[in-house]
Amino acid sequence: MIESVTNRAHRLVPSPSTFDARSIARIIDDPRITVEFHDTVSSTNTVAKQRAEEGAPEGTLIVANSQSAGRGRQGRSFSSPKDTGVYFTLILRPRFALGDVALVTSYAACCLAATIDECTDRHAQIKWVNDVFVDGCKVSGILSEASFDAETQSVAYVVVGIGVNVSQAPEDFSPQVRPIATSLVQALGLVDDSDDANTLRCHIVADTVNRFMRDYERIPSMPHLADYRARSLLNGRHVEVHAGIETFEAQVIGIDDDFTLRVRLDSGEERNLTSGEVHIPSTQLAE
């Protein structure tokens, strides 16, 4: 970073070389954000929900250096080793309608993808609905969870959890995950340097949160739809769909106006998927 004083001089401002609350907070723009940092937690989402139930305000940001029980969608675990990734959850208290809460995840995915683009000079893509990919491999997962007030029929709070692989080496992933997962350092072909990795980790958290809060209130108007469509990893691909008790193959047509995934079955029937899991054959991921 460069600081300038008119008619005097320019100077380089050292980037953060540690991954901690202070280093993250000093590059966050929004005054609503309060950083709560932990070396290890069970899950940042779990902690965030506890804080939200206790009355923590919107903008409370839970960040961890590692998780002992990181969670993904469908009850899956999310590997969260120490010193190699970023794991953070933002507490929101949105005022928009219940039906718009589902848009938070896609919006967060676009914010994270744009941050990765800027920090790494790589083009990040999104695999419907909540995974972010670089060079055909997964680098991040997003898990949003909400609590509803039955009496007022409103949203009590939403927590948006994001985990990003930053400096893991191939051997850090399990044999099952290794073919489809990567880290940012690995994708860039760099040798892990702890100072550089910490700088990147701080910026992934802070820049993503900065982007998110900038247009967060506009989520119901879907300002991110065009970007989400442009970043879709699935467009035109032949995929295997798991929707409830159904499993079938289909070709992806694209992302519809309501962020559902439109697919065409081999029979010619077209469907809009509102939920489920979509798997890409490994041969296509390599393309």
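**View 1. Asp-30 in the loop between helix H1 (21-25) and strand S3 (34-41).** Helices (H or I, at least four residues) and strands (E, at least two) are DSSP runs, numbered from the N terminus. This is a predicted model, in which local features need pLDDT of at least 70 and side-chain atom pairs count only at pLDDT 80 or more, while totals for chains, interfaces and linings use all residues. Residues are numbered from 1 along each chain as its sequence is written, and side-chain values use heavy atoms, with hydrogens and water left out. Asp-30 has a relative accessible area of 15%, which means that Asp-30 is buried (under 20%, with exposed over 50% and partly exposed in between, for a 1.4 Å probe and protein chains only). Leaving aside residues up to four places away in sequence, Asp-30 touches Asn-210 and Met-213, where contact means heavy atoms within 4.5 Å.

**View 2. The largest nonpolar core, with 67 residues.** Such a core is a set of buried Ala, Val, Leu, Ile, Met, Phe, Trp, Tyr and Cys residues joined through side-chain atoms within 4.5 Å. Ile-24, Leu-61, Leu-92, Ile-116, Phe-212 and Leu-261 touch the most other members. Helix H3 (residues 103-120) supplies the largest share of this core, 10 residues.

**View 3. Arg-229 in helix H6 (residues 225-231).** Arg-229 counts as partly exposed because its relative accessibility is 30%. Although Arg-229 and Ile-126 are 103 residues apart along the chain, their C-alpha atoms are separated by 8.8 Å. Not counting residues up to four places away in sequence, Arg-229 touches Asn-235, Ile-255, Asp-256 and Asp-257.
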